[in-house]
Amino acid sequence: MTAEADLAPQLPFDRPNVLDVAPLYAVLRREAPLVKVRTPAGDPAWLVTRYAQAREVFADPRFGRSHPAPEEASQVSRAAIIAGPTGNYDTEAADHARMRKMLIPAFSANRMRRLADHVQELTDRCLDEMQAAHDAAPEKPVNLHELLAFPLPVLVICELLGVPYEDREQFRDYSERIGRLDGGQDSQLAMADFMAYMGGLAERKRANPGDDVVSDLVRAQQEDPSFTDQDLARLGAGLLFAGHETTAGRIDLGVLMLLSDLTRRDAFVADPAGQVQATVEEILRMSSPGGIGLPRYAHADVEIGGVMIARGDAVLLTVGPENRDEDVFSNPDEFDPTRKPNPHIAFGHGGFFCIGASLARTELRVVFTSLFTRFPGLRLAVGVDELDVRSHRVTGGVDQVPVLW
Ligand code: HEM
């Protein structure tokens, strides 16, 4: 890409609040399906603005996470979790296929079913904590982020991976630092510590295996020694991060969507169990907690939507804004839980489709049904515009969802 990219807008774009996406996306979408932008690190990239081309890029094997010449690649951010290209260009396809194959049994339907029963129990426990906080000071708002949205996905992912829940503050600190857009060296150090932590856990599972994903990976490694200790630690850390930050963000935003207009809340409260499936899909479509995008690098010269992408160029898929493309979703900025069909791409599309999608859907359905059945009068203690957006974080979102009932 040329120096004209220096004039291109830089991500993340300014947004009015955590529920509305930056208005610039719609402007750029009208211009072209892919436009030149600068990444949060300041490097040139293509931003996919339209839904159709997002699906094309997601599904096209000529786009990958590795780069043919990594030292020349655009950097995405200074957060270790999403800094720049990852993996080996020559072996990416085979390495990725191996990773998916290893994780299929780990996320088997049987294990998901067992876990789903437990999700209800864990959710009830979080709601008890909310009630206890409310009882202690009924006039004081309860921070739903801290008592439900954050701990529930952490409890679930800890259980799935076999990570001791007592270690949560430790990996919360790692997660916090590896996801800071301006994290730089500290973010890299936290990533190294996170991987060392997962490496230590794998060591313990090797000696004392359990019915959990890290034990499965340890077993898989015995059959395939090309899957190194470092691969295992990186995958474990990635799963722990992917498994809680994303889901927590959707719980926070979904609650804000339902409570920012009490007619929505009341409509949902009238029949939570009957409406939860479609409501969760609409929450997934409309959630756009972060604003930096999933990176891909072109492995060949590719034409997408009439735009020529050169080999090695970075392409960013922001997903949330693409889910508001009016060519696909009528009144895209309107929260409409009766929307049908709702073909959002919140979990991606194609070969990298989210491995945890069914678990995340289970968690969200249980949380929204239980929360509004137990607290039908839930309301926000402050306006959505007053909430700080965590724009310094890859996963964006909020730290506070103050509620009353
Ligand atoms: C609502 C919650 C979630 C959302 C919105 C979400 C979203 C996504 C998206 C968009 C991708 C595609 C990434 C890409 O194309 O580069 C992805 C991949 C992935 N997700 Fe999720 N995710 C969620 C929950 C989870 C959970 C709970 C887990 C694990 C327990 C998980 C594990 C993964 C993994 C391992 C991948 C990588 C797949 C691959 O590289 O082939 N996710 N997720």
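**Cysteines, cores and ligand shell of the predicted model**

Cys158 is buried, its relative accessible area being 3%. Buried denotes a relative accessible area under 20%, exposed one over 50%, and partly exposed the range in between, computed with a 1.4 Å probe on protein chains only. The structure is a predicted model, in which local features require pLDDT of at least 70 and side-chain atom pairs are counted only at pLDDT 80 or more, while totals for chains, interfaces and linings use all residues. Residues are numbered from 1 along each chain as its sequence is written, and side-chain values are based on heavy atoms, with hydrogens and water left out.

With a disulfide defined as a pair of cysteine sulfur atoms within 2.5 Å, the model has zero disulfides. Cys126 takes part in none, and the nearest cysteine sulfur to that residue, belonging to Cys158, is 12 Å away. Cys158 is likewise in no disulfide, with the sulfur of Cys126 as the nearest at 12 Å. Cys126 is also buried, at a relative accessible area of 4%.

Helices (H or I, at least four residues) and strands (E, at least two) are DSSP runs numbered from the N terminus. Cys158 belongs to helix H6, where the buried residues also include Pro151, Pro153, Ile157 and Leu161. Ten of the eleven residues of H6 (residues 151–161) are buried, so this helix is largely enclosed by the rest of the structure. Just after H6, Gly162 adopts a positive phi of about 80 degrees.

A nonpolar core is a set of buried Ala, Val, Leu, Ile, Met, Phe, Trp, Tyr and Cys residues joined through side-chain atoms within 4.5 Å. The largest such core comprises 84 residues, and Leu144, Leu148, Leu256, Phe368 and Leu371 have the most contacts inside it. Helix H10 (residues 229–259) is the main contributor to this core, giving 14 residues. Another core, of 21 residues, lies apart from the largest one and includes Leu11, Leu28, Val76 and Ala79. With contact taken as heavy atoms within 4.5 Å, and neighbours within four places in sequence left aside, Leu148 is in contact with Cys126, Leu127, Met130, Pro153, Ile251, Val367 and Leu371.

The ligand is surrounded by 26 residues, of which Arg65, His96, Arg100, Arg296 and Cys354 are the closest; a residue is counted here if one of its heavy atoms lies within 4 Å. H10 gives the most to this shell, with six residues. At least two residues each come from helix H3 (92–106), H10, strand S5 (294–298) and helix H13 (357–374). A polar side-chain atom of His96 is 2.6 Å from an oxygen atom of the ligand. A side-chain N or O atom of Arg100 lies 2.6 Å from a ligand oxygen atom, and for Arg296 the corresponding distance is 2.6 Å.

Two strands pair if DSSP finds at least two bridges between them. S9 and S10 (residues 402–404) run antiparallel and are joined by two bridges, and Leu380 stands opposite Val403 in S10.

Pro23 is located in the segment before helix H1 (24–31) and is exposed at 53% relative accessibility. Leaving aside neighbours within four places in sequence, Pro23 contacts Asp14 and Pro16. The C-alpha atoms of Pro23 and Ala196, 173 residues apart along the chain, are separated by 41 Å.

Notes. A polar contact is a pair of N or O atoms within 3.5 Å; within protein, one must be able to donate a hydrogen and the other to accept it, and residues adjacent in sequence count only if both atoms are side-chain atoms.
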